[in-house]
Amino acid sequence: MTPSLDSIISRLHLRQLRLLIALYEHGSLLGAARQVSLTQPGASRALHEIETAFGAPLFTRTNRGLEPNEMGHCVVRYARLIHTDLTHLREELVGISRGRGGRVSVGVIMGAVPLLTGAITALVAKHGDMSIEIVEDTSTTLLGLMDEGRVDVAICRTTVSQTPHFYDSLVLQEETLAVIANVDHPLAGAGALTLAALSDHRWLVYRANMPMRLLLEREFHEAGLRFPQHLLETTSALATLSLLQKNLSLVALVSIDVARFVADHGMACILPVKLSSRSEPYELVTRKGLPLSPAAQLLVKQLVESPDT
């Protein structure tokens with residue numbers, strides 16, 4: 001039976017987590033012991049204590065050395081997360097002690113990436129000792145990461161949440177949408193296009209019930225057209241661009257900022273399709289009631305003062 005959380009916390013030490021990671025990397029007690037400055041008998045005792053704390057063996061002894069079992073893989077994965085979190089903690093403490101620098105983790109939906117990267121470029125030019133983690137994902141996922149404390153600030157939409165009152169949010173920018181395609185798409189040089197001209201094409205879209213997907217479905221409905229079948233669904237900007245590069249017939253719905261960025265760099269073209277609907281605006285979101293670190297405050301200030309940077 002797996003011990004209680006209180007039992008694990010009372011028995012486990014941070015140095016033991018370092019040993020677990022080292023055992024995974026070296027596959028031997030001797031190599032791991034050297035890495036964490038223990039004797040081999042000391043490392044053996046420590047591993048026994050760790051396995052006792054978790055109530056199960058974590059490694060299998062083989063003629064090749066120590067190999068993590070399923071539980072071992074799980075424990076090592078979380079040991080790495082804890083080690084990373086402590087590294088980030090130290091970075092923030094250093095930033096606080098110096099009155100500058102520090103670390104911030106920011107989440108962003110795909111359409112707002114150009115907005116965020118402009119602000120970060122301006123920010124690191126003024127604060128070169130800052131560390132910034134960028135997490136690109138859907139609004140739902142980003143809000144979940146914020147709830148877990150893994151994202152400090154996010155540019156997303158709180159309307160997807162069942163508990164939007166848990167967050168403080170500020171509208172940053174309205175979102176206008178555009179349709180992009182390969183630069184050699186058959187309709188790349190056409191005049192004004194309607195959705196009817198693209199109804200038989202294969203579309204790259206966000207998955208069902210996401211705001212941008214719902215907007216496109218509404219556009220097709222209001223035009224009296226059947227929504228395209230055999231969709232390719234992704235929230236990844238890189239996957240979208242890679243697929244467009246490899247297939248001349250694909251079209252994708254993205255924010256106008258993303259569309260202009262890829263068009264300016266010759267990675268795709270903007271098709272002249274006029275969409276009557278606007279997507280929901282981007283919000284700058286933080287967790288209500290939780291103080292922001294100095295680094296997070298600097299990023300928020302940059303985004304609020306110069307959102308078009």
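This is a predicted model: local features need pLDDT of at least 70, side-chain atom pairs count only at pLDDT 80 or more; totals for chains, interfaces and linings use all residues.
The largest pocket is lined by 25 residues, among which Glu 92, Gly 149, Arg 150, Val 151 and Asp 152 lie nearest its centre. Of the contributors, α5 gives the most, with eight residues. Sorted by class, the lining of the largest pocket comprises 11 nonpolar, six polar and eight charged residues.

Glu 92, one of the residues nearest the centre of the largest pocket, is also in contact with Ser 293. Ser 293 lies in the loop between β12 and α11 (294-305). With neighbours within four places in sequence left aside, Ser 293 is in contact with Glu 92 and Arg 103. The relative accessible area of Ser 293 is 14%, under the 20% limit, and the residue therefore counts as buried.

The second largest pocket has a volume of about 290 Å³. Its lining consists of 14 residues, and those nearest its centre are Ile 8, Leu 12, Phe 54, Val 75 and Tyr 78. Helices α2 (14-26) and α5 each supply at least two residues of this lining. Here, too, α5 gives the most, in this case six residues. By class, the lining of the second largest pocket has 12 nonpolar and two polar residues, and no charged residues. The lining of the largest pocket, by contrast, includes eight charged residues.

Several residues of α8 are buried, namely Pro 211, Met 212, Arg 213, Leu 215, Leu 216, Glu 219 and Phe 220. The cover over these buried residues includes strands β6 (167-175), β7 (177-181), β8 (203-205), β9 (232-233), β10 (251-255) and β12 (279-287). After α8 comes Gly 224, whose phi is positive, near 70°.

A search of the whole structure finds two aromatic pairs. In one of them, Trp 203 and Phe 220 are arranged edge-to-face, at 5.7 Å centre to centre and with 80° between the planes. Because Trp 203 lies in strand β8 and Phe 220 in helix α8, this pair ties together parts that are 17 residues apart in sequence. Trp 203 is buried, with a relative accessible area of 0%, and Phe 220 is likewise buried, with a value of 0%. Phe 220 also forms an edge-to-face pair with Phe 227, at 5.5 Å centre to centre and with 85° between the planes. Phe 227, like Phe 220, is buried. Trp 203, Phe 220 and Phe 227 together form one aromatic cluster.

Terms used: Residues are numbered from 1 along each chain as its sequence is written. Side-chain values use heavy atoms; hydrogens and water are left out. Buried means under 20% relative accessible area, exposed over 50%, partly exposed in between (1.4 Å probe, protein chains only). Helices (H or I, at least four residues) and strands (E, at least two) are DSSP runs, numbered from the N terminus. Contact means heavy atoms within 4.5 Å. On a 1 Å grid over the protein atoms alone, a cavity is a set of points where a 1.4 Å probe fits but cannot get out, and a pocket is an open set with protein on both sides within 12 Å along at least five of seven lines; lining residues have an atom within 4 Å of a point. Ala, Val, Leu, Ile, Met, Phe, Trp, Tyr, Cys and Pro count as nonpolar, Asp, Glu, Lys and Arg as charged, and the others, Gly among them, as polar. Grid points are joined across faces, edges and corners, and a volume is the space filled by probe spheres set on the points. Rings of Phe, Tyr and Trp (its six-membered ring) pair if their centres lie within 6.5 Å; planes under 30 degrees apart count as stacked, over 60 as edge-to-face and the rest as tilted.
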